[in-house]
Amino acid sequence: NIPYPFLLDGSDPGRTGECLDAALGVLVEGPALEAAIAAATERFDIEEQARLRARRDELDNRLKALMRT
């Protein structure tokens, strides 16, 4: 079980909102980023791959950071 604050009773509403926003960002934007990375890989577009991977990592790291606090 992942202790997402938005699933726990008595969680701080501000933190709950931030975590929910971050989780939704990963769920919504993540698949599109993966598809775009695959397309950039097929085109051998290294710069685009790096930009997209950085965005994916930014989303993942934000959620991880919020889960640690």
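The buried residues of helix 2 pack against helix 1, which covers residues 13-42, in what is a predicted model. In helix 2, the buried residues are Q49, L52, L59, L63 and L66.

Let us follow helix 2 from end to end. Its 23 residues reach 32 Å from the first C-alpha to the last, close to the 33 Å expected at 1.5 Å a residue.

Now bring helix 1 back into view. Two packed helices are described by the angle between their axes and the distance between the axes. For helix 1 and helix 2, the angle is about 160° and the axes lie 9 Å apart. An angle over 145 degrees counts as roughly antiparallel, so helix 1 is roughly antiparallel to helix 2. As for handedness, helix 1 passes helix 2 in a left-handed crossing. The residues that make up the contact of helix 1 with helix 2 divide into 13 nonpolar, 3 polar and 11 charged.

Is Q49 buried or exposed? Its relative accessible area is 9%, and because a residue under 20% counts as buried, Q49 is buried. Which residues does Q49 touch, not counting those up to four places away in sequence? They are I37, A40 and T41.

Methods:
Residues are numbered from 1 along each chain as its sequence is written. This is a predicted model: local features need pLDDT of at least 70, side-chain atom pairs count only at pLDDT 80 or more; totals for chains, interfaces and linings use all residues. Side-chain values use heavy atoms; hydrogens and water are left out. Buried means under 20% relative accessible area, exposed over 50%, partly exposed in between (1.4 Å probe, protein chains only). Contact means heavy atoms within 4.5 Å. Helices (H or I, at least four residues) and strands (E, at least two) are DSSP runs, numbered from the N terminus. The expected span of a helix is 1.5 Å times one less than its number of residues. Axes are lines fitted to C-alpha atoms, for helices over the stretch in contact, and angles run from 0 to 180 degrees between N-to-C directions. Angles under 35 degrees count as roughly parallel, over 145 as roughly antiparallel, 65 to 115 as roughly perpendicular and the rest as oblique. A crossing is left-handed if the near helix is turned anticlockwise from the far one by less than a right angle, and right-handed if clockwise. Ala, Val, Leu, Ile, Met, Phe, Trp, Tyr, Cys and Pro count as nonpolar, Asp, Glu, Lys and Arg as charged, and the others, Gly among them, as polar.
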